[in-house]
Amino acid sequence: MKIKTQSVVDTAHYFLSQRVSIIPVTKDKKPYAGFSWDAYKKRFPTQDEIDIWFRYVYPNANLAIVTGALSKLIILDIDPRNGGDISLLKNNKSPSVSTPNNGKHIYFRPTNLVKSAKHSALGYDLLYEALALVPPSLTVNGAYEWINSFNRNNIEEFPKYLLSKLELIQPKQNEASAKPLSQKKGNQKTQLRGIEVRHARDYPLDRLLLSDGVNLIQRTNSYHLTCPFHSDRKSSAVYYPSTNLVYCFKCSRAFNPIDYLTIAKGYSFREALKELTE
Ligand SMILES: [Zn+2]
């Protein structure tokens, strides 16, 4: 058994810095009940979300990366239990992981050909817009361990000859989903980023909520409230003064004062900044 060298939360931050989308998953490799991870195919989690998930909400979580267009990753999953040959591409330099079932994940840059391919050979699978566990995740069967550690610069393009070798065939494509609203807002945010944004984010969220008549129920280090983003009868959301963020356990959304004004109350980004910095 190898010594765990880096914590899950640190690894999650590292992946984010490498422009890889990640989410917490259970010991059974599944998303937590009520956690809708589809959003993280379209946008990266924020640093705050990562801290909230892995430090507070799911402190024992495993770590999964979300493969696909956003992360610019496709993974070849080789399962020797079904006849997959893990000695395939033995000398490649691309990031790769050994799995608890003696299998192997090899990371590639997706090409159009590969994106639309579908596996048919037994023992091989292509993970695209899918979840893949990464070290230091642990399951009852053992640990995920790096063979070649993850570095964006080392990711090779998917070798074309493998498509026919692994009998990967061309199905019809179902792509082209519109850019989500949150992503457009994100671009706007980066342009306007600055001291003003930081001040606005630091505006006490509890004061903002209280002035809107939101009922905050005090707990030891947090306050419970009903989530403003959906009909919520159970006070599913929690305000953490330490991070000045609200996290909703039902819809898995985290929000700061700017998000609250823009998303819940319909302010434009500029209007929200004005409101919060005056
Ligand atoms: Zn919610």
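The following paragraphs describe the fold of one protein chain, taken from a predicted model.

The protein chain has 278 residues, of which 30% count as buried. Its secondary structure comes to 10 helices and 16 strands. Among contacts with a separation of 6 or more, 67% join residues 24 or more positions apart.

Strand β1 is joined to strand β2 (residues 62–66) by 5 bridges, and the two run antiparallel. Within this pair, Val 25 has Asn 62 of β2 as its bridge partner.

A second open sheet has 5 strands. Their order is β12-β13-β14-β15-β16, again with antiparallel pairing. Strands β12 (217–218) and β16 (254–255) stand at the edges. Each has a single partner strand, so one side of each lacks a neighbour in the sheet. Helix α3 (residues 47–57) packs on this sheet and touches β14, β15 and β16. The direction of α3 makes about 65° with that of β15. Inside the sheet, strand β14 (residues 237–240) and strand β15 (residues 245–248) run antiparallel and are joined by 4 bridges. Tyr 240 stands opposite Leu 245 in β15.

Helix α9 (residues 257–264) and helix α10 have axes that come within 9 Å and cross at roughly 130°. That angle makes α9 oblique to α10. The crossing is right-handed. On the α9 side, the contact is made by Pro 257, Ile 258, Leu 261 and Thr 262. On the α10 side, the residues are Phe 269, Ala 272, Glu 275 and Leu 276. By class, this contact has 6 nonpolar, 1 polar and 1 charged residues. Helix α9 is largely enclosed by the rest of the structure, because 6 of its 8 residues are buried. The buried residues are Pro 257, Ile 258, Asp 259, Tyr 260, Leu 261 and Thr 262. Just after α9, Gly 266 takes a positive phi of about 80°.

Helix α10 (residues 269–277) also meets helix α7 (residues 195–202). Their axes come within 9 Å and cross at roughly 65°. The two helices are therefore roughly perpendicular. This crossing is left-handed. From α7, the residues involved are Glu 196, Val 197, His 199 and Ala 200. They meet Ala 272, Leu 273, Leu 276 and Thr 277 in α10. By class, the contact has 5 nonpolar, 2 polar and 1 charged residues. Ala 272 and Leu 276 of α10 take part in the contact with α7 and also in the contact with α9.

Methods
Residues are numbered from 1 along each chain as its sequence is written. This is a predicted model: local features need pLDDT of at least 70, side-chain atom pairs count only at pLDDT 80 or more; totals for chains, interfaces and linings use all residues. Axes are lines fitted to C-alpha atoms, for helices over the stretch in contact, and angles run from 0 to 180 degrees between N-to-C directions. Angles under 35 degrees count as roughly parallel, over 145 as roughly antiparallel, 65 to 115 as roughly perpendicular and the rest as oblique. A crossing is left-handed if the near helix is turned anticlockwise from the far one by less than a right angle, and right-handed if clockwise. Two residues are in contact if their C-beta atoms, placed from the backbone, lie within 7 Å. Ala, Val, Leu, Ile, Met, Phe, Trp, Tyr, Cys and Pro count as nonpolar, Asp, Glu, Lys and Arg as charged, and the others, Gly among them, as polar. Two strands pair if DSSP finds at least two bridges between them. A residue is buried if 20 or more other C-beta atoms lie within 10 Å of its own, exposed if 12 or fewer, and partly exposed in between; C-beta atoms are placed from the backbone.
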